[in-house]
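Thanks for sending this one over.

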Amino acid sequence: MKKVIKIILIPFLFLITACSTDPVQEDLLQYVNEDMTTAFELEAKAVSAYDSVSGLNYTDDWTMYDTIQTTVIPNYNEFIKELNRVKVETDEVREIHEIYIKGADIQYNAFVKILTALETQDITLVEEANAMLEEARTLIREYMNELDKLAKEHEVEWDETTVSESL
């Protein structure tokens, strides 16, 4: 998940490989380089905080609960608000953006479910939340793949230096 998140959260830079008046190309450049920068930063804060208390970094339920309640959920909530504020001009970019919103909503609800699971000590809720996180990861990968595919179709290339430095 960390690698996928790092790819998403990097401040993408594009190089235009052909001069044109392609509205999708222009929309992609605006979307990634400007419209999504705040959203990427908010998601990075939330996911980084979650990663700091989960998996191999897990220490105890209270630390996880406190971090999710005070950092993860507030930042992720702002991230979702920011995603919903983004206005794209073309249907092609909008369709891809909607995939991201769907994945983000599922991930947010998974974080909330983890909080409830910690409050109630319900392992079933933890399992449900983990399944939701996996579903969200799948959608986020789909978002990245579709964004990359659309960029190639409209002759927009990732700045490989920026991508490599961020991984």
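**Notes on the model**

1. Let me begin with a residue in a linker. Glu155 is partly exposed, with a relative accessible area of 44%; here buried means under 20% relative accessible area, exposed over 50%, and partly exposed in between, with a 1.4 Å probe and protein chains only. Glu155 sits in the loop between α6 and β2 (156-158), and its phi is near 55 degrees, a positive value in a residue other than glycine. Helices (H or I, at least four residues) and strands (E, at least two) are DSSP runs, numbered from the N terminus.

2. A word on the basis of these notes. This is a predicted model, in which local features need pLDDT of at least 70 and side-chain atom pairs count only at pLDDT 80 or more, while totals for chains, interfaces and linings use all residues. Residues are numbered from 1 along each chain as its sequence is written, and side-chain values use heavy atoms, with hydrogens and water left out.

3. Now the overall layout. The protein has seven helices and two strands, in the order α-β-α-α-α-α-α-β-α along the sequence. Of its 167 residues, 47% are buried. Among contacts (heavy atoms within 4.5 Å) with a separation of 6 or more, 74% are between residues 24 or more positions apart. The accessible surface is about 8800 Å², and 51% of that surface belongs to carbon and sulfur atoms; the areas come from the Shrake-Rupley method with a 1.4 Å probe, and for residues only the protein chains shown count as cover.

4. The aromatic residues deserve a look. The structure holds seven aromatic pairs; rings of Phe, Tyr and Trp (its six-membered ring) pair if their centres lie within 6.5 Å, and planes under 30 degrees apart count as stacked, over 60 as edge-to-face and the rest as tilted. Phe79 and Tyr100 are an edge-to-face pair because their planes are at 65 degrees, with the ring centres 5.7 Å apart. This pair links distant parts of the chain, with Phe79 in helix α4 (residues 61-85) and Tyr100 in helix α5 (residues 91-120), 21 residues apart. Phe79 is buried at a relative accessible area of 0%, and Tyr100 is buried with a relative accessible area of 0% too.

5. How are the rings of Tyr100 and Tyr143 arranged? They are stacked, at 4.1 Å centre to centre and with 20 degrees between the planes. Tyr143 belongs to helix α6 (residues 123-153), 43 residues from Tyr100 in α5, and Tyr143 is buried at 0% relative accessibility. One aromatic cluster takes in Phe40, Tyr50, Tyr76, Phe79, Tyr100, Phe111 and Tyr143.

6. The cluster leads on to the core. A nonpolar core is a set of buried Ala, Val, Leu, Ile, Met, Phe, Trp, Tyr and Cys residues joined through side-chain atoms within 4.5 Å. The largest one has 49 residues, and those with the most contacts inside it include Tyr31, Phe79, Tyr100 and Tyr143. Two or more residues come from each of α2 (23-35), α3 (37-51), α4, α5 and α6, and the largest share, 12 residues, is from α5. Beyond its neighbours within four places in sequence, Tyr31 is in contact with Met36, Val86, Val88, Val93, His97, Tyr100, Tyr143 and Leu147.

7. Leu115 lies in helix α5 and is buried at 11% relative accessibility.

8. Finally, α6 and its ends. With 31 residues, α6 reaches 45 Å from its first C-alpha to its last, close to the 45 Å expected at 1.5 Å a residue; the expected span is 1.5 Å times one less than the number of residues. At the start of α6, a side-chain oxygen of Asp122 comes to within 2.9 Å of the backbone nitrogen of Thr124. Most residues other than glycine have a negative phi. Gln121, in the loop between α5 and α6, has a positive phi of about 55 degrees and is exposed at 55% relative accessibility. After α6 comes Glu155, with its positive phi near 55 degrees.

Key:
Polar contact = N/O pair within 3.5 Å; in protein donor to acceptor, adjacent residues only side chain to side chain.
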